[in-house]
Amino acid sequence: MKERHLIERQALQLMAKGQWKEAIRLYEGLTQQYEDPNLHNLLGDLYLRVGRIREALSCYEDALKGFMADQLFSAAVAVAHKILRRDPERVFPYLQIATVYAQQGYVQDAISTLQRCLTLPLTPHEKRKILSILKILLNHASPVHRPSLKEIYLKLGVEDEDVMMALGLQPMVETAPEPVSPPSDQSEVAPESPDVWNFFYLLIEIESALSQGVEPPPPSMAMARALYDLNLYHATILELQNLLTVHPQHLEATLLLGKAFFHIDDLELALRAFRQGYEATEGERKLEFLYWMGRTHEQKGETETALHIYQEILYQDLDFLDVKQRIERLTPGGSRLRRERLRHGYAS
């Protein structure tokens with residue numbers, strides 16, 4: 001792990017100097033040594049920086065598969081949208097986004113994504129994947145959603161007895177398969193500006209923290225934030241652990257450490273960091289630590305604990321981040337429950 005950390009720091013130094021090809025070679029080597037979707041995601045960003053669009057999209061797809069396999073769904077959706085910004089006709093990212101929404105019970109979001117899929121040429125394998133997503137959605141859907149699910153199923157043109165029974169349908173008349181267009185040959189073009197420039201400004205920000213000498217620079221929040229923003233969570237953790245050894249009361253570092261543990265799904269260590277910061281601070285920053293404690297319990301499937309934390313946050317700040325929406329997603333009739341508890345008071 002330490003060797004990888006040093007290679008990543010070396011690559012960041014190269015990027016800060018604009019030596020993109022040298023940095024790419026380092027990360028290409030890392031992706032061959034480590035099965036980490038974060039590395040593929042960053043290598044995709046680097047390929048975009050030098051205009052290698054095909055390689056970037058291939059890396060993003062590898063990252064997307066890895067994040068889905070690791071059940072890091074927020075990261076998976078973010079990478080899927082990266083792909084679609086550059087190739088909105090790719091079916092694979094839509095299918096992964098729809099799968100995440102279906103598994104998390106976001107029925108309308110999943111339906112909208114599947115409706116977009118049906119506007120694109122689909123292979124038999126992709127149709128079967130949509131069918132499997134429909135089966136998940138049928139476990140969550142309310143009567144309001146069933147007409148849309150029925151429409152998607154009928155347009156799909158693939159019969160499944162269980163789905164037909166669930167939707168109250170009769171067997172369909174066999175239809176001719178839809179023609180599948182050959183994949184378009186996407187040419188290499190200059191990278192789009194928004195993401196690339198954000199990435200470039202990030203490197204400018206960390207350049208001042210990078211030593212130009214042989215010795216590596218001391219641990220710093222600038223480096224930790226840069227590693228975190230590049231989704232290099234293991235390297236972020238090492239940087240922050242070194243920083244906290246010198247400055248154990250550094251609350252910003254403690255919060256970022258917990259978030260890095262959260263993103264690698266080490267939830268117990270994430271909770272430990274968030275609790276430590278919560279006990280050591282006051283004011284709005286205290287609510288921020290409390291919010292991430294709730295996020296972590298939610299990720300662990302401890303819904304009641306997460307709800308209690310979110311409700312405590314609302315008691316102190318009614319408009320804190322996305323807490324209202326999280327309560328509504330976690331509880332049927334969440335708006336009514338929140339109003340009742342606010343009326344009677346629920347601070348512990």
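This is a predicted model: local features need pLDDT of at least 70, side-chain atom pairs count only at pLDDT 80 or more; totals for chains, interfaces and linings use all residues.
Figure 1. Residues are numbered from 1 along each chain as its sequence is written, and side-chain values use heavy atoms, with hydrogens and water left out. Helices are DSSP runs of H or I with at least four residues, strands are runs of E with at least two, and both are numbered from the N terminus. Helix α9 spans residues 146–156.

Figure 2. Leu-149, Ile-152, Tyr-153 and Leu-156 are the buried residues of the helix. Buried means under 20% relative accessible area, exposed over 50%, and partly exposed in between (1.4 Å probe, protein chains only). An α-helix has 3.6 residues a turn, so residues three or four places apart point the same way. The packing partners of the buried residues are α7 (107–117), α8 (124–138) and α10 (161–167).

**Figure 3. Lys-82 in helix α5 (residues 73–86).** Lys-82 counts as buried because its relative accessibility is 15%. Its side chain makes a polar contact of 2.9 Å with the side chain of Asn-41. Another, of 3.0 Å, joins it to the side chain of Asp-45. A polar contact is a pair of N or O atoms within 3.5 Å; within protein, one must be able to donate a hydrogen and the other to accept it, and residues adjacent in sequence count only if both atoms are side-chain atoms. Neighbours within four places in sequence aside, Lys-82 is in contact (heavy atoms within 4.5 Å) with Asn-41, Asp-45 and Tyr-60.

**Figure 4. An aromatic cluster of Phe-262, Phe-274, Tyr-291, Trp-292, Tyr-310 and Phe-320.** Rings of Phe, Tyr and Trp (its six-membered ring) pair if their centres lie within 6.5 Å; planes under 30 degrees apart count as stacked, over 60 as edge-to-face and the rest as tilted. The count is six aromatic pairs. Tyr-291 and Tyr-310 form a tilted pair, 6.4 Å centre to centre with 40 degrees between the planes. Tyr-291 sits in α16 (residues 283–299) and Tyr-310 in α17 (residues 303–316), 19 residues apart. Both tyrosines are buried.
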